[in-house]
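Please open the model in your viewer and keep the sequence panel beside it. The stops below say what to select next and what is found there.

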Amino acid sequence: MTKRSVDRIVLAIIILMAVLLYGSAANFTGIARTTSAKYVRFLAVFIGVLSSGQLAYSLLRDRSLDKLIVTTHWPRFIGLLVALVIFAMVFETLGFFIPAAIFIPVVAVLLGFRNYLAIGLTTLGVLAFVYIVFIQILSVNLPGFNF
Amino acid sequence: MFEYLAIVFSLSSLLTIAIGTVAGVAIGGMPGLTATMAVGLLVPFTYTMDPTAGLMLLGGIYCGAMYGGSIPAILLNTPGTPAAVATAIEGYPMSQQGRAGLALKVSVTASYVGGTFSTLILLLFAPLLARQALAFGPAETFLLALMGLAGIISIADENSSLIKALIAGLLGMIIAVIGTDDMSGSLRYTMGMIELIDGIDFMPALIGLFSMIQMLELAGMRQKSIDTSALDKTQKSEPMPRGIAKHIALGSGTGTVIGILPGEGATIAAFISYNFSKRISKMKELFGKGNPEGIAAAEAGNNGCVGGSLVPTLTLGIPGNSVAAALMGAFIIHGMIPGPDLFTEYANRTYPFILSLFVANGVFLIVGLTFAPYLARIALIPPAIMVPVVSAFAVLGSYALNNAVFDVYLMIGFALFGLILKKLGYSLEALILGLILGPIAEGGFTQGMIIGKGSPWIFFESNIAKVMWVIIALLLVPPLISYLKMVRQNAAGVRSS
């Protein structure tokens, strides 16, 4: 997809959001009707006008056909995202250490690093650093199972 | 003042500042990692620390990272931070000529002078400016936030258009509306999610927008090979060139002033200082081929931003740049709301923090003069090992502040959303400034409307308000004129082709 097309879609979504935001201010109650509602409308009008102007400019003048390149290596990009989401999902039940002990080497290998000794030492170093600095010195409470 | 000096010069404080500064130099020296990323990532962890020590640690990281970026820029032609790009233009050719020793010496000296000068300005002027803020009512507070928004416009560069920078800023302000309405106590746009009752905390957003995005970009990037030949080359020992002080002074002044302007960052400061230096230099022809004057101005400029950016942050609650925004987060989580209170009620924390920046500058001066060539090797750490480590800290940092996994999802969401916006040319700095300025603007606006009995004239009544409108106009009009000129030129170009 071209950058121009995605930009237009984003601007259209922002304009729609501005309209909905403006309308939603009517549902504010009590003192918020004369205060917060006006602020929300102020923001909605401002962003709506600017986005409409930008969309009009894009429709009338923008002739570029540059592709939107989010990443040049999708498997690694998606892999990191999936690993992050899994890390977050198990964070509360398993705590930091076990997921991190798996996350760091898996992502390093996923990104093409093959020096297993360096990966192992780095993982151990990070875990030891978090344990000593965050748990022992700073008393940060981490969830779930900790060493 | 002596009691504040005693706090700074205690053994534990000196150790904290030294650790922060050395860590900052190392982080700044790693391409892809920035001061904002490091400070943003570590703010949640200072929550359980003594506030003064926590702030000193972050201040050290800020100072160290600003300087650290110049080391790989000079030795490997790989700027550790965007602010060190101008340094690479002059520093790398010098390294290839066997003059890296001089380039590194000029860089660390200029960084030290720039950082120290701007901290001195912060120390002298911040309390005065904060006192002026006592005269601000809700209307002026709202206008202050608008001024910050107007400053966003100047963030716009070749990658992010002026209108898009404003849209991003407003988007941040709209995201800040989510949560409980302070006026009525009712919930707004929470979609029934209890996690959103207190609104969207800007720390997960900051970590997502400035740390995780960089990791996602690095993960999807093909690794470039770095030329390490300069590291092994025999380097000459040279004295500081004559007349360099003029360029350091120019960079220090320019960086400090640019740092004070909301939204202006170290990269802009470094480039503007570099261009000024080029203009006044008697050796213009050497620029681009290894001129130490360019390094002096650029490095003094980007380090001058440190103290400068903290002036509006600490006094008015308007962050001078994204690192200052992250630091402001640290003040807020310790219950220290920027403004006059920082210099009265919390003076025993604020002044030691400011004084610690002088020490941090001294620490990186020593580190730079002694270990710079060895530190350049940090830039050779492969991104494949850096990405999982920083990502793990990003997850930990997002979680640690509120002990909420929801914040981790928010961080990932902001990273993805921000990456697309960034690719489309929207300014992420503007987005985060909008998110921070949102509650300030809303508080000022709603209270102003109550005082003005629903009339918007309250925002134009006082003399301070009138002056602020003039400043907003001055901030808006010149970039708007140049933007319109650019649009016209583009249109003429399209017609002629």
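**Where the chains meet**

Begin by selecting both chains: 59 residues of chain A are in contact with 51 residues of chain B, two residues being in contact if their C-beta atoms, placed from the backbone, lie within 7 Å. This is a predicted model, in which local features need pLDDT of at least 70 and side-chain atom pairs count only at pLDDT 80 or more, while totals for chains, interfaces and linings use all residues. Residues are numbered from 1 along each chain as its sequence is written, and chains are lettered from A and ligands numbered from 1 in the order in which they are written.

Now colour the side of chain A that touches chain B by element; those that give two or more residues to it are α1 (3–24), α2 (36–61), α3 (74–94), α4 (97–110) and α5 (116–137) of chain A. Helices (H or I, at least four residues) and strands (E, at least two) are DSSP runs, numbered from the N terminus. Of these elements, α2(A) gives the most, with 12 residues. By class, this side of chain A divides into 37 nonpolar, 15 polar and 7 charged residues, where Ala, Val, Leu, Ile, Met, Phe, Trp, Tyr, Cys and Pro count as nonpolar, Asp, Glu, Lys and Arg as charged, and the others, Gly among them, as polar.

Staying with chain A, select domain 1 (3–61) and then domain 2 (74–137), whose bounds come from an automatic or database domain assignment. The centres of domain 1 and domain 2 of chain A, taken over C-alpha atoms, are separated by 40 Å.

**Two enclosed helices of chain B**

Move to chain B and select helix α6 (residues 85–96), whose 12 residues reach 17 Å from first C-alpha to last, close to the 16 Å expected at 1.5 Å a residue; the expected span of a helix is 1.5 Å times one less than its number of residues. Because 9 of its 12 residues are buried, α6(B) is largely enclosed by the rest of the structure. A residue is buried if 20 or more other C-beta atoms lie within 10 Å of its own, exposed if 12 or fewer, and partly exposed in between, with C-beta atoms placed from the backbone. The buried residues of α6(B) include I89(B), E90(B), Y92(B) and M94(B). Just after α6(B), stop at G98(B), which takes a positive phi of about 80°.

Next select helix α9 (residues 162–175) of chain B, where the end C-alpha atoms of the 14 residues are 20 Å apart, in agreement with the 20 Å that they should span at 1.5 Å a residue. In α9(B), 14 of the 14 residues are buried, so this helix too is largely enclosed by the rest of the structure.

From there go to G438(B), which is found in helix α19 of chain B and touches G172(B), M173(B), A176(B) and V177(B), not counting residues up to four places away in sequence. G438(B) is buried, with 26 other C-beta atoms within 10 Å.

**A helix pair**

Select helices α12 (residues 244–260) and α13 (residues 266–280) of chain B, which pack at an angle of about 145° with their axes 9 Å apart; axes are lines fitted to C-alpha atoms, for helices over the stretch in contact, and angles run from 0 to 180 degrees between N-to-C directions. Among the residues that meet here are L250(B), T254(B) and I258(B) in α12(B), and I268(B), I272(B) and F276(B) in α13(B). By class, the contact of α12(B) with α13(B) has 6 nonpolar, 7 polar and no charged residues.

Which residue has a phi near 50°, a positive value in a residue other than glycine? Select Y189(B), which has this value and sits in the loop between β2 (187–188) and α10 (202–219) of chain B; Y189(B) is partly exposed, with 16 other C-beta atoms within 10 Å. K453(B) also is not a glycine and has a positive phi of about 50°; K453(B) lies in the loop between α19 (428–451) and α20 (458–461) of chain B, and is exposed, with 9 other C-beta atoms within 10 Å.

Finish in helix α16 (residues 347–375) of chain B, where F371(B) has its place and is partly exposed, with 13 other C-beta atoms within 10 Å. Y374(B) lies in helix α16 of chain B as well, and counts as exposed, with 10 C-beta neighbours inside 10 Å.
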